[in-house]
Amino acid sequence: MFQFRSRTIRPNRLLLASLLAVSVPLSAQTTSKSDTRPTIAVLYLTNGALADNATYAPLSKGIAEMLITELAQNNALRVVERDRLQTLLEEQNLQSSDRVDKETALKLGKILGSRHMLMGSFVIDLNRNMRIDVRAVNTETSAIDYVETVSGKSDKLLELVIQLGAKVNAGLKLPALKMASATTPASKSPNQFKALLAMSRALEAEDTKDIEGAKTLYKSAIALNPDFDRARIRLASMELGR
């Protein structure tokens with residue numbers, strides 16, 4: 001268990017409103033039938049940690065959230081928000097498992113209106129080496145369109161997710177990514193793994209309606225990494241009652 005020193009975070013409401021205005025990517029704002037951009041959704045990753053499996057389990061959601069954030073920087077895509085996916089998983093009684101087979105992924109993708117469903121897994125070994133594997137299922141053809149792997153030390157996890165987002169975007173031949181990564185500043189922190197784990201636990205708390213617990217965990221993530229914009233934005237959303 002990681003120990004955090006508490007720190008009072010008093011975000012300016014005007015600043016938070018600005019952050020929230022841009023935190024929902026343009027790709028998630030336009031859902032009309034006239035929107036012809038390719039749509040992509042990211043399922044939670046399967047936890048394959050070789051030790052302390054329960055400790056790392058929240059990363060199934062955290063890595064998916066950050067990969068969504070990376071892909072959503074591309075305004076030429078429409079990316080399904082994690083919260084919408086979570087609602088659907090709950091409706092389908094799938095929220096208790098991070099393991100979704102191909103047929104279920106196809107069903108979810110069609111409901112979400114997503115052409116590509118990303119699914120995969122992560123592994124952390126005893127030396128804290130990490131590998132993330134993803135595959136893209138085409139909901140129109142049922143074929144596996146693309147497979148990608150990134151690997152490195154777990155303390156560089158955010159950097160691995162940034163690499164993965166760029167590779168997936170290029171590998172699926174999606175429109176070119178023209179915007180700078182929203183998580184690049186966060187990747188410079190030596191505490192990026194602990195910060196992402198704290199945010200992952202916050203996501204789980206949100207999903208179980210433990211609002212105060214989620215706020216505390218988001219603040220822990222920000223205390224570990226003050227440049228962690230995604231954690232700051234999600235905390236801002238909760239503070240404003242969204």
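Modeller: This is a predicted model. I shall begin with helices H9 and H10, where H9 passes H10 in a left-handed crossing.

Biologist: How are H9 and H10 oriented to each other?

Modeller: Helix H9 covers residues 211-224 and helix H10 covers residues 229-239, and their axes lie 9 Å apart. The packing angle is about 150 degrees. Angles over 145 degrees count as roughly antiparallel. H9 and H10 are therefore roughly antiparallel.

Biologist: Which residues of H10 are met by H9?

Modeller: On the H9 side, the residues are Ile 211, Ala 214, Lys 215, Tyr 218, Lys 219, Ala 221 and Ile 222. By class, this contact has 8 nonpolar, no polar and 5 charged residues. The partners in H10 are Ala 231, Arg 232, Arg 234, Leu 235, Met 238 and Glu 239.

Biologist: How many charged residues are in the contact of H5 with H6?

Modeller: The axes of H5 (residues 82-91) and H6 (residues 102-112) come within 11 Å and cross at roughly 120 degrees, so the two helices are oblique to each other. From H5, Arg 84, Leu 85, Leu 88 and Leu 89 meet Leu 108, Ile 111 and Leu 112 of H6. The contact comprises 6 nonpolar residues, no polar ones, and a charged count of 1.

Biologist: Turning to the strands, which residue in the turn between S5 and S6 has a positive phi?

Modeller: Strands S5 (residues 129-138) and S6 (residues 144-153) run antiparallel and are joined by 9 bridges. Within this pairing, Ala 136 stands opposite Tyr 146. The strands form a hairpin with 5 residues between them, and the turn residue with a positive phi, about 70 degrees, is Ser 142.

Technical notes
Residues are numbered from 1 along each chain as its sequence is written. This is a predicted model: local features need pLDDT of at least 70, side-chain atom pairs count only at pLDDT 80 or more; totals for chains, interfaces and linings use all residues. Side-chain values use heavy atoms; hydrogens and water are left out. Two strands pair if DSSP finds at least two bridges between them. Helices (H or I, at least four residues) and strands (E, at least two) are DSSP runs, numbered from the N terminus. Axes are lines fitted to C-alpha atoms, for helices over the stretch in contact, and angles run from 0 to 180 degrees between N-to-C directions. Angles under 35 degrees count as roughly parallel, over 145 as roughly antiparallel, 65 to 115 as roughly perpendicular and the rest as oblique. A crossing is left-handed if the near helix is turned anticlockwise from the far one by less than a right angle, and right-handed if clockwise. Contact means heavy atoms within 4.5 Å. Ala, Val, Leu, Ile, Met, Phe, Trp, Tyr, Cys and Pro count as nonpolar, Asp, Glu, Lys and Arg as charged, and the others, Gly among them, as polar.
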